[in-house]
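Trainee: I would like to learn how to read a few features of a structural model with you, moving from a sheet to a ligand site and then to single residues.

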Amino acid sequence: MRHYSTLSFRLPVLMTVLLALLCLSCNRSEKQWHIGVSQCSEDIWRNKQNRELTIGGYANNNVYLEFLSAEDNDQRQIEQVRHFIEEKVDLLIVAPNQASTLSAVVDEAYDRGIPVILFDRKTNSDKYTAYMGADNYEIGHTMGHLIAEQMERKGTLVEITGLKGSSPAIERHRGFLEALADYPDIQLVSSELGDWTELSGRAAMEEILRLHPDLDIDCLFGHNDRLAMGARQVAMEHGQQDIRYYGVDALPTPGGGIDLVLDGILQATYIYPTQGLELTQLALRILNGQPFERNNLLHSAVVDIRNAELLKMQYREQQRVSGELETVHRKLDTYFSQVNVQRKVITFFLLLVVLIMALSVIAFRAYVTKSRLNEELQQLNVEQQQLNQQLEQRNDELQQLYKQLEDMADARLVFFTNVGHKLRTPLTLIAGPAEQLAADKSLKGPQRQLVEMMHRNLERLKQLVDEILDFRKIGTEQLGDLPEEPAAPASTTAGRIVEATDKPDGELPEVLVVDDNPDVRLLVKTLLQEHHHVTLAADGKEGLKEARRIVPDLIVSDVMMPVMDGLEMCSEVKRDPVTCHIPVLMLTARTLEEQRVEGYAHGADAYITKPFTASVLTARIDNLLASRRTLRRVFSKGLTAEKPVAVPAADDRDSNFVERLRGIIQQHLADADFSVERIGEEIGMSRVQLYRKTKALTGLSPVELLRKSRVEKARRLLETTDKSISEIAYDTGFSAPSYFAKCFKDEYGKSPGEWRS
Ligand code: FRU
């Protein structure tokens, strides 16, 4: 592993180094020399030279030559030299147009550290690196002797010079004059200024002919071939055919000096060497720091008819060679540019290969690391699983423990709740009598104190029981119902414990008490019996039976009872048309909210929990009965009317009962034999049931109701008909007019006769 990582660390570094070397080798190149060439003129001679300079550079592919031509304009050349200075050319080759005007700017280039080669022409200064050019003094001198000798040392001669301030013109003129000094019979009639161009040759000749119209000129020396040719054109135009012409340059190009010699137009000319190749070599020697000559004088020769052909041939050969050279160079150029492209492509691919290799190494390293990490992760997973199993085991153990604790707590709660419930009933049974005793005014002194102490402590006990049950509520409301203390076995009179009379008691409200605990029954009865008629029943079934039989004004019932519980009984009571109007008060140890709701859902009108306070119970009973009395007033409205009267806000079944009652009575009003028993038969109730229900809902007994209805009908007949009182009495079911009169007076306070009048 360690071996791998060291290697994989070293490999990319190694590759990067390799790559850098590769790139360096690709880009390695010699310094590119920038050479500025400032030509004074634009002519065939300069073009030839520029071409030679270019070919000279071929040997070194690191030379860049930049050519500029001033076209014989001093100012332009000054600017062009300045341009080269600003470009910081590595070397400046300059042929200054006029020495005096160009000296300053050439000096500046030199002073700036740019090597300067003057060629062909010079400046006035010594500030140049090297000079290359022909010996112009020598040219002038040679041509002077040549012309003088060909003139056979006598005759007239004119000279047209090059540009006044240019060094070749000055030097050629000086050499020419000095040569002529040897020939006293030769007269240099005129030396006219030109500027190297053919046009200036023409102008100069015009001037000569103007100044010397009659002069017979034997020979003319132009400082170059073009000046001589310009002058010749003018001379010919003026009819001067015999002048012999001499020039300088001897260009081998078509129409150049050599051709002119071959054509016999020029007598002779002097090769003014361009030597571009040598010039480039000199420049490179300077640039490469190699030794060089400061003054390089180029030697040359006179061209006349004897050597012109040879030179022309030489030139052609030279041209052919240069042409081939140029072709080769062009091909080389193409080849090098192709090589360059190929080199770039190869470099790119090498880079790509190195990159791919480096990436592969990195990927391999990553793979190895990932595998190792995976192994470690798997190991960790196994450990984690083991830990999880242990944890689960612990968790199970803990849950078992927790369950045990919960069961214990539940058992304790059940115990507390049972105790609480069991305590309620006996407490109620002690509290009730104690309250009664405390209410007894006859108890005085120590007995009263004892009773009060007993009463106080009973209240405290009740609170403690409540707290126990509240605690249970907080803990386990989900535990569900718990049985109350089992009821004491029904007394020997169970099922026959009815202590009410069979006859309805008109004075006191009839209350049915249903409870399986005989002590509770006794307590409630004791509490109520002073103001109520009380009937007792030991379970729901018996209670229901009693309710149907006696139709009580109110039922007080326990909930948890054997045979039929209080809830079912209550539902049955409310379902039966005979008993549905009876209010039911539930008296129970079931204290929870939902148990209370359940009670009301089964039709209970009130709900009081044990242990109860006697005064609360009686007050609640009184309220229920009072509200029933209020209801009676509602039902009694229109009770005796001929037509049905809508009874608002009353129970449907009860209002139906009342309406049926009214209808039956109205139907049989005239029937003197129609009795209460007949109403009971028609309505489907026993005499007692009919009596109790009618009394409960209307406050009147059926007999009273029947009589009231008859009297009221009679009153209407008295008011609306002319029938006799006896007739009306019989019509309204009275068997005797005297009884009718009594009943009428009882109802309205007046006899029927008095009422009618
Ligand atoms: C070319 C030229 C030649 C002449 C030389 C003098 O530009 O005019 O004809 O010999 O320059 O510098």
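The dialogue below takes these features in turn.

Mentor: Before we start, note that this is a predicted model, in which local features need pLDDT of at least 70 and side-chain atom pairs count only at pLDDT 80 or more, while totals for chains, interfaces and linings use all residues. Residues are numbered from 1 along each chain as its sequence is written, and side-chain values use heavy atoms, with hydrogens and water left out.

Trainee: What is the strand order in the open sheet of five strands?

Mentor: Strands of a sheet pair through backbone hydrogen bonds, either parallel or antiparallel. Helices (H or I, at least four residues) and strands (E, at least two) are DSSP runs numbered from the N terminus, and two strands pair if DSSP finds at least two bridges between them. Here the order is E14-E13-E15-E16-E17, with parallel pairing. Strand E14 (533–537) and strand E17 (606–609) form the edges, each pairing on one side only, and the twist from one strand to the next averages 20°.

Trainee: How many bridges join E13 to E14, and how many join E16 to E17?

Mentor: E13 and E14, which run parallel, are joined by five bridges, and alanine 537 in E14 is the bridge partner of valine 514. Strand E16 (residues 584–588) runs parallel to E17 and is joined to it by four bridges, with methionine 586 standing opposite tyrosine 607 in E17.

Trainee: Which way do the residues of E14 point?

Mentor: In a regular strand the side chains alternate between the two faces of the sheet. In E14, His533, Thr535 and Ala537 point one way and Val534 and Leu536 the other way. Five of the five residues of E14 are buried, where buried means under 20% relative accessible area, exposed over 50%, and partly exposed in between (1.4 Å probe, protein chains only).

Trainee: Which polar side chains reach an oxygen atom of the ligand?

Mentor: A polar contact is a pair of N or O atoms within 3.5 Å; within protein, one must be able to donate a hydrogen and the other to accept it, and residues adjacent in sequence count only if both atoms are side-chain atoms. A polar side-chain atom of asparagine 224 lies 2.9 Å from a ligand oxygen, an N or O atom in the side chain of arginine 172 lies 3.0 Å from one, and for arginine 226 the distance is 3.2 Å.

Trainee: Is threonine 732 buried or exposed?

Mentor: Threonine 732, in the loop between helix H22 (725–731) and helix H23 (737–748), is buried, with a relative accessible area of 0%. A polar atom of its side chain lies 2.9 Å from the backbone oxygen of isoleucine 728, and the side chain of threonine 732 also reaches the backbone oxygen of alanine 729 at 3.2 Å.

Terms used:
Axes are lines fitted to C-alpha atoms, for helices over the stretch in contact, and angles run from 0 to 180 degrees between N-to-C directions.
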